[in-house]
Amino acid sequence: MTLLRKKAFNLLENISEDYIEEVVHFLENIKIKKEQEKTEHSEAYNNLKKYFGKLKCDIDYKKELQEILIEEYSSMNSFYCYLPFLLYCAIMKFRVSKKIEVENICR
């Protein structure tokens with residue numbers, strides 16, 4: 001028996017009968033909450049398992065993001081609504097150009 005468990009039993013032995021019922025309810029609630037958490041976690045895990053293996057491995061995420069941004073902002077005529085897409089394109093172009101520079105230096 002661990003030291004902490006001994007301490008808990010000593011406290012229970014010294015507690016008055018008036019509080020025993022409250023302690024029992026408290027301990028039962030802890031047990032119920034733990035079981036509910038396990039159930040929720042297992043349900044979430046099973047929900048995730050349903051999607052396992054359903055995604056294509058060769059997804060071009062940059063292209064997907066570009067298409068979503070075009071759909072989102074093409075219907076809006078304001079330049080400021082289109083600005084996030086333009087910034088994204090500029091950043092991606094900068095990254096590609098820097099990658100090419102690094103590859104040329106390494107050769």
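These notebook entries record what I looked up in a predicted model of one protein chain.

**Ground rules.** I worked from a predicted model, in which local features need pLDDT of at least 70, side-chain atom pairs count only at pLDDT 80 or more, and totals for chains, interfaces and linings use all residues. I numbered residues from 1 along each chain as its sequence is written, and side-chain values use heavy atoms, with hydrogens and water left out.

**Overall make-up.** I looked up the secondary structure and found four helices and zero strands in the protein chain. Helices (H or I, at least four residues) and strands (E, at least two) are DSSP runs, numbered from the N terminus. The order from the N terminus on is α-α-α-α.

**Cover.** I noted that 5% of the 107 residues in the protein chain are buried. Buried means under 20% relative accessible area, exposed over 50%, and partly exposed in between (1.4 Å probe, protein chains only). The accessible surface of the chain comes to about 10500 Å², and carbon and sulfur atoms account for 60% of that surface. Accessible areas come from the Shrake-Rupley method with a 1.4 Å probe; for residues, only the protein chains shown count as cover.

**Helix α1.** I traced helix α1 over residues 3-14, which is 12 residues. From first C-alpha to last, helix α1 reaches 17 Å, close to the expected 16 Å; the expected span is 1.5 Å times one less than the number of residues. The count of buried residues in α1 is zero. L12 lies in this helix and is partly exposed, at 35% relative accessible area. I also found L12 with M1 and F9 in a nonpolar surface patch of about 310 Å². Nonpolar side chains (Val, Leu, Ile, Met, Phe, Trp, Tyr) are joined within 5 Å, and like charges within 9 Å.

**Helix α3.** I next examined helix α3, residues 61-74, where E72 lies. L69 and Y88 are 19 residues apart in sequence, and their C-alpha atoms are 9.2 Å apart in space.

Note on methods: Patches are made of residues with over 30% relative accessible area and no salt bridge: like charges are joined within 9 Å, nonpolar side chains (Val, Leu, Ile, Met, Phe, Trp, Tyr) within 5 Å. A salt bridge is a side-chain nitrogen of Lys or Arg within 4 Å of a carboxyl oxygen of Asp or Glu.
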